[in-house]
Amino acid sequence: MEGFNPDGIDRELRWIALAFGGVSVPFVPTRDETLELVFEALQLGEGDVFYDLGCGNGKVVVEAARRFPIEKAVCVEARRELIEEARERAINAGVADKVEFIHGDMFKVDISRATAVYMYLLTSVNEALKPKLEKELRPGARVVTLDFQIPGWRPVRIVGERAGWQKTVYVYVIGESNRR
Ligand SMILES: C[S@@+](CC[C@H](N)C(=O)[O-])C[C@H]1O[C@@H](n2cnc3c(N)ncnc32)[C@H](O)[C@@H]1O
């Protein structure tokens, strides 16, 4: 899609979501074909503790738990109906023991166990989360964002890099991307 403009989308969606849902980002699931780019970026493996901040209906965490030998996937979501859907999805996929569900505000949830974090949010929300990511995540932890960058941080890798919705995935590494 031509003319994809993350800044304009950020402004519009933030206000719509706040007005109708009480949260700052609407629910838009990562598409199946985009999931492949996201997993290519995340490089999940043994021992990983993977968080999806604003996990929606749990599609990403459940697929991660199903496909990769990770230790744990953690789904953090503010909207109750979505976290319930995510729980159901994990049960149906047979990975309920590998996925943890947290119904709450991602700004208030301890993420210090995470070795890999996924965020499909907005630039403004990524910016607001920056101090938390820097404070709680250990050096070497990966932070992967879809479409919207983390302002002021340098991605170590960009996967996709094509114009349009859900085409670009940014990979950041704590200690490297945020070095001043
Ligand atoms: C664009 S959707 C992404 C859903 C999922 N990560 C995916 O990729 O399929 C963003 C999600 O973040 C959730 N969200 C927004 N603000 C939140 C907050 N402060 N704490 C927890 N979840 C939040 C929304 O309810 C929504 O489900």
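Okay, one definition before we start: a residue counts as buried here if 20 or more other C-beta atoms lie within 10 Å of its own. Keep that in mind for Q166, which has 21 other C-beta atoms within 10 Å and is therefore buried. And a reminder that what you're looking at is a predicted model.

So, Q166. You'll find Q166 in the loop between β6 and β7, with β7 covering 169-173.

D147 has a positive phi of about 65°, and D147 is not a glycine either. D147 belongs to the loop between β5 (142-146) and β6. Buried or exposed, then, for D147? Buried, because there are 23 other C-beta atoms within 10 Å.

Okay, let's zoom out. The protein chain has five helices and seven strands. Going from the N terminus, you read them off as α-α-β-α-β-α-β-β-α-β-β-β. On overall shape, a compact globule with 180 residues would have a radius of gyration near 16 Å, and the protein chain comes in at 15 Å, so the two agree. The C-alpha trace spans about 40 × 35 × 30 Å along its principal axes. Of the 180 residues, 38% count as buried. And if you take contacts with a separation of 6 or more, 65% of them come from residues 24 or more positions apart.

Now the sheet. The seven strands make an open sheet with mixed pairing, in the order β3-β2-β1-β4-β5-β7-β6. At the edges you have β3 (99-103) and β6 (157-159), each pairing on one side only. Neighbouring strands are turned by 20° against each other on average, ignoring direction.

β2 and β3 run parallel, joined by five bridges. If you click on V74, its bridge partner in β3 is E100. Lying across β2 and β3 is helix α4, residues 80-93, and α4 runs at about 170° to β3.

Last stop, the ligand. How many residues surround the ligand? There are 23, and the closest are F27, T30, G54, G56 and A78. The elements giving two or more residues to that shell are α3 (59-67) and β2 (72-77). By type, the shell divides into 14 nonpolar, four polar and five charged residues.

Notes: Residues numbered from 1 in each chain as written. Predicted model: local features only at pLDDT ≥ 70, side-chain atom pairs only at ≥ 80, totals over all residues. Helix = DSSP H or I, 4+ residues; strand = E, 2+ residues; numbered from the N terminus. Rg over C-alpha atoms; globule rule 2.2 N^0.38 Å. Buried ≥ 20, exposed ≤ 12 C-beta atoms within 10 Å, placed from the backbone. Contact = placed C-beta atoms within 7 Å. Near = placed C-beta within 6 Å. Nonpolar A, V, L, I, M, F, W, Y, C, P; charged D, E, K, R; others polar. Pairing = 2+ DSSP bridges. Axes fitted to C-alpha atoms, helices over the stretch in contact; angles between N-to-C directions.
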